Amino acid sequence: MRAVDLIRRKRDGHPLTHAEIDWLIQGIANGAVADYQWAALLMAILWRGLNDDETASLTRAMLHSGHVLDLSRIPGPKVDKHSTGGVGDKTSLILAPIAAACGVIVPMVSGRGLGHTGGTLDKLESIPGFDVRLSTDRFHQVLAQCGLALIGQTDEIAPADRTLYSLRDATATVESIPLITASILSKKLAEGLDGLVLDVKTGDGAFMTSEGEARRLAASMTQICTALGTPAVALLTRMDQPLGNAVGNANEVRECIDVLRGGGPPDLVLLSIELAAEMIALAKIEPDLEHARNRAHRVLQDGSALICFRKVIEAQNGDPHVLDDPEHRLPQAPVHLEVSAPRRGFITRLSASAIGLISMRLGAGRSRVDSIIDHRVGVTLRRKLGEEVEGGDALAIILAADAASAERAAAEFLETAVDFAEQPPNVPPLILDRLA
């Protein structure tokens, strides 16, 4: 085979065979296909697309470009969740302990945040001592001991994806739904799963701002996942305003602890329970979603999920006392500045993307891959979309490293993140659809 012939075929709109796609992926490691040839092929794929068979072949080839975890020695159904990301999207730290407390084995391999979206690993690393860089043997030990392990992607998992992702980023080909599907699923299916739950977000603060595109991505991922032998369910959810009230790493961990203690914002609790229930149902621990929801609520209310989270924090060398005293054990921003409503009205816009960017500029996120995270900083919302406020009411609290950055963030919040009107807005439901 020659790469140039396959590039030409795809450029002209013809499908590639499984063997050809396999050869192209192997060519990344053995040098048979140069980066500039893959760059050309990625642009051809962006324009011409891939059919379902091609997307499944690409996913399978990327999955097997590295190590696939063998978790067969750990008894129990293995199910994980993946979110396409958003602002305040902290459900992993809640639903994983809930599912594990119900008997699901959750081998969660997560990522870091970039831009205005937060990363699960950054949140976990705000817990003093928490180690997300476990060896494969230690990962297995923690998983067997706790029913849950929370780590970052290793060099052995889907190495072809790292090469292709960097090329996509540099060649403006990120937006291709087949390429997104293969990228996400090749990493997730390398966990050796029996089922996968997907949270595909749409709206102002989501990767897919268009509901139609988000729906296409959700359908693509569930179809390809199932075609490769792993049952999958996707929820299509709104990301127009931040999920919950907390944005920023330690800030979000505090809110997760509040939920695991039986409190927390209603929207965050609702979505965490629903995603956990989907995991429990996929694992066949309960016969249907209604029983799974009831089981999830039960382990949340009786403290079993909190106990599970404590066990995994201890097992991964973190400080378990953060669960007893999160206000003092987690990193604290030295400056807290209240943002007040300038007038009376209903909140008609609370932009997730604007609040995410404010939090990033405070230091909670990355503008570049090598940016240093400040786990202390962020934003805490005091009001949400649709609520009525009076002039002078608290809208948010800015958590900052110094007074100057807090003042800038507060001014930016009022200028870019919030709008008011005399009449209440129509607030869409958080969960738009379920695809299975």
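The legends below describe close-up views of a predicted model.

**View 1. Helix H5 against helix H11.**
Two helices pack here: H5, residues 92-101, and H11, residues 249-260. Their axes come within 9 Å. The crossing angle is roughly 35°. H5 passes H11 in a right-handed crossing. From H5, the residues in contact are Leu93, Ile94 and Pro97. They meet Val253, Cys256, Val259 and Leu260 of H11. By class, this contact has seven nonpolar residues, with no polar and no charged ones.

**View 2. Helix H2 against helix H4.**
Helix H2 spans residues 18-30 and helix H4 spans residues 52-63. The two pack at an angle of about 35°, and their axes lie 9 Å apart. H2 passes H4 in a right-handed crossing. H2 supplies His18, Ile21, Asp22 and Ile25. H4 supplies Glu54, Ser57, Leu58, Arg60, Ala61 and Met62.

**View 3. The largest nonpolar core and the surroundings of Ile98.**
The largest nonpolar core holds 123 residues. Ile98, Val106, Phe309, Val379, Ile398 and Phe413 have the most contacts inside it. Helix H12, residues 266-282, gives the largest share of this core, 10 residues. Zoom in on Ile98. Setting aside neighbours within four places in sequence, Ile98 contacts Ile273, Ala276, Ala296, Val299, Leu300 and Ala305. A second, separate core has 21 residues, including Leu16, Leu24, Met62 and Ala160.

**View 4. Ser186 in helix H9.**
Ser186 sits in helix H9, which covers residues 177-188. Ser186 counts as buried because its relative accessibility is 0%. Its side chain reaches the backbone oxygen of Ala182 at 2.9 Å. Residues up to four places away in sequence are not counted in the next list. Ser186 touches Thr59, Met62, Leu63, Ala158 and Asp161.

Ala158 lies in the loop between strand S3 (148-152) and helix H8 (159-171). Its phi is positive, about 45°, although Ala158 is not a glycine. Most residues other than glycine have a negative phi. Relative accessibility is 0% at Ala158, so this residue counts as buried. Ala158 is also one of the residues that Ser186 touches.

**View 5. Lys284, an exposed loop residue with positive phi.**
Lys284 is found in the loop between H12 and helix H13 (289-301). Phi of Lys284 is near 65°, a positive value in a residue other than glycine. Lys284 counts as exposed because its relative accessibility is 70%, over the 50% cut-off.

**View 6. Ala44 in helix H3.**
Ala44 belongs to helix H3, residues 35-48. With a relative accessibility of 9%, Ala44 counts as buried, because the cut-off is under 20%. Arg9 is 35 residues from Ala44 along the chain. The C-alpha atoms of Ala44 and Arg9 are separated by 9.2 Å. Neighbours within four places in sequence are again left aside. Ala44 is then in contact with Lys10, Arg11 and Gly49.

Note on methods
Residues numbered from 1 in each chain as written. Predicted model: local features only at pLDDT ≥ 70, side-chain atom pairs only at ≥ 80, totals over all residues. Heavy atoms only, no water. Helix = DSSP H or I, 4+ residues; strand = E, 2+ residues; numbered from the N terminus. Buried < 20%, exposed > 50% of the residue type's maximum accessible area, 1.4 Å probe, protein only. Polar contact = N/O pair within 3.5 Å; in protein donor to acceptor, adjacent residues only side chain to side chain. Contact = heavy atoms within 4.5 Å. Axes fitted to C-alpha atoms, helices over the stretch in contact; angles between N-to-C directions. Left-handed = near helix turned anticlockwise from the far one by under 90°. Nonpolar A, V, L, I, M, F, W, Y, C, P; charged D, E, K, R; others polar. Core = buried A, V, L, I, M, F, W, Y, C linked by side-chain atoms within 4.5 Å.
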